[in-house]
Amino acid sequence: MAASLRDVIQNARQRLSDAGVESAAHDAAALMAHALGVPLGEVRRLEILGRDLDDADAERFAGLVGERAARVPLQHLTGKAPFRHLDLSVGPGVFVPRPETEMLVDETIRLAPHGGRVVDLCTGSGAIALAVKHERPDLGVCAVELDEAAAAWTAHNIAATSLDVHLSVEDAREALAGLEGSFDVVVSNPPYIPVGMVPVDPEVADHDPSIALYGGSDDGLRVPVQIAERAAALLKPGGHLVMEHADVQGETLPAALLASRGFDQAHDVRDAADKPRMTIARREGGGAFEAVAPHERPSRTREAVRLVVLDESDAVLLYVDSDQGLDPVFTWWATPGGGVDPGEGARTAAVRELWEETGLRIDEADVVGPVASRTVSHGFSDQITYQHETFFVVRCPRFDVEPAALTPEEQMTMQEWRWWSLDDLDAAAHPVWPADLVRLARDVIAGRPTHLPDVEESSVPLDAHHTQERS
């Protein structure tokens, strides 16, 4: 006796619900549509009309419901995953794209200039890359995937959609050699689950490939940060990285990107459920500084080194730094130095920074100190930097500065170099950071212990919000 389609679906809903499937009603209808080979809307119409289900269709549907009750992903059973305006083919061996990932597409197409270039690192099924190309055909889009099984699904979806996306099968952490500095946006949904944190849903734990899930460290950030470092190399100065993350990484990922070399801004974006979902970071060295309202400036915290470079006459080497977001441009004299890279010691960073900014190569044994330290708050027109600085001293014959590896931003902000006598520097009317540099240098020369207070040194002072944030 033929069974009512409505009754069969109702029983399937209950079975799936009992099995812990949260979307039981939707999945039952979707499986029926797949069993009958009709659109989902047609299933709703047949339910309303009270149609019966023949035995062959009922048996096919029962088999699908049994697999779904065993927590085989719906998309593996239907072979399709809707994403934005596309229906993508998916199955075993590829990560099933999630609805929350669609917001990465919104940000990518917002940030990409007309005729720009975008690359999707860890593309999986190709969902993000294909959606971007579908909605912004003016963009050149590349997709990178390491896993060959997943890349096969990407290739299939590229062919099925006839969208012009270039697929490269290689490790995203080393991808697209020779194309450094050529992309406007890098977008990525990398593996980010902390090692040892097994997903609760069997659909994820048992069916999504592990290579697409786990971030390679206890905090899940090892692989994302490695991919971000490659993204920084691939981006044009001022280009953007858009990266999805776990909801527990809304603070740690932006902080990790700002601690890495290459990004000067990073902020987090929440999803429709108000959970931290993705980080947007800007590649340093954009062609123009984007001054923002003082209370809206993003902030970052980092470890840094500063070098007091003294010649044979005790003159100190300084350069003019500048805030290009102000009119007129604000300038000050400063010591060479910069941020300490992740995993890098302060002394090693001092040697590296001195070579990059002045061209002088020295050994770590030539670095004296540390001689002082301080915490300083720098308020600029486009951002706030809270920086713990360690000071070292380098003694050397006077030399002509020839920077070896300035970042694009440093090429804009570093105006000139000069050797200053301490008497002339003490009488200088122009700002000097640190303000206590003359006292520090004289203490070092005399062999006296010295101390630098924690201060604010700003071209745009901190407001009440950032003062509270600092404390």
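**Aromatic rings in a predicted protein model**

A search of the whole structure finds seven aromatic pairs. The rings of Phe330 and Trp332 form a tilted pair, because their centres are 5.7 Å apart and their planes stand at 35°. The structure is a predicted model, and its protein chain contains 16 helices and 20 strands.

**Ring pairs and their surroundings**

- Phe330 has a relative accessibility of 25% and therefore counts as partly exposed, whereas Trp332, at 3%, counts as buried.
- The rings of Trp333 and Trp420 form an edge-to-face pair, because their planes are at 80°, with the centres 5.1 Å apart.
- This pair links distant parts of the chain, since Trp333 belongs to strand β14 (residues 330–334) and Trp420 to strand β18 (residues 417–420), 87 residues apart.
- Trp333 is buried, with a relative accessible area of 7%, and Trp420 also counts as buried, at 6% relative accessibility.
- Phe330, Trp332, Phe380 and Trp433 are linked by ring pairs into a cluster.

**Charges over rings**

- The charged end of Arg418 sits over the ring of Trp420, at 3.5 Å from its centre.
- Arg117 lies over the face of Phe183, with 4.7 Å to the ring centre.

**The chain as a whole**

- Along its principal axes, the C-alpha trace of the protein chain spans about 105 × 40 × 40 Å, and buried residues make up 52% of its 471 residues.
- Among contacts between residues at least 6 apart in sequence, 68% join residues at least 24 apart.
- The protein chain carries 41 positive and 78 negative side chains, and the centres of these two sets lie 2 Å apart.

How values were computed. Residues numbered from 1 in each chain as written. Predicted model: local features only at pLDDT ≥ 70, side-chain atom pairs only at ≥ 80, totals over all residues. Heavy atoms only, no water. Helix = DSSP H or I, 4+ residues; strand = E, 2+ residues; numbered from the N terminus. Buried < 20%, exposed > 50% of the residue type's maximum accessible area, 1.4 Å probe, protein only. Contact = heavy atoms within 4.5 Å. Lys, Arg positive; Asp, Glu negative; His and termini not counted. Charge placed at Lys NZ, Arg CZ, Asp CG, Glu CD. Phe/Tyr/Trp six-rings, centres within 6.5 Å; stacked < 30°, edge-to-face > 60°. Lys NZ or Arg CZ within 6 Å of the ring centre and 35° of its normal.
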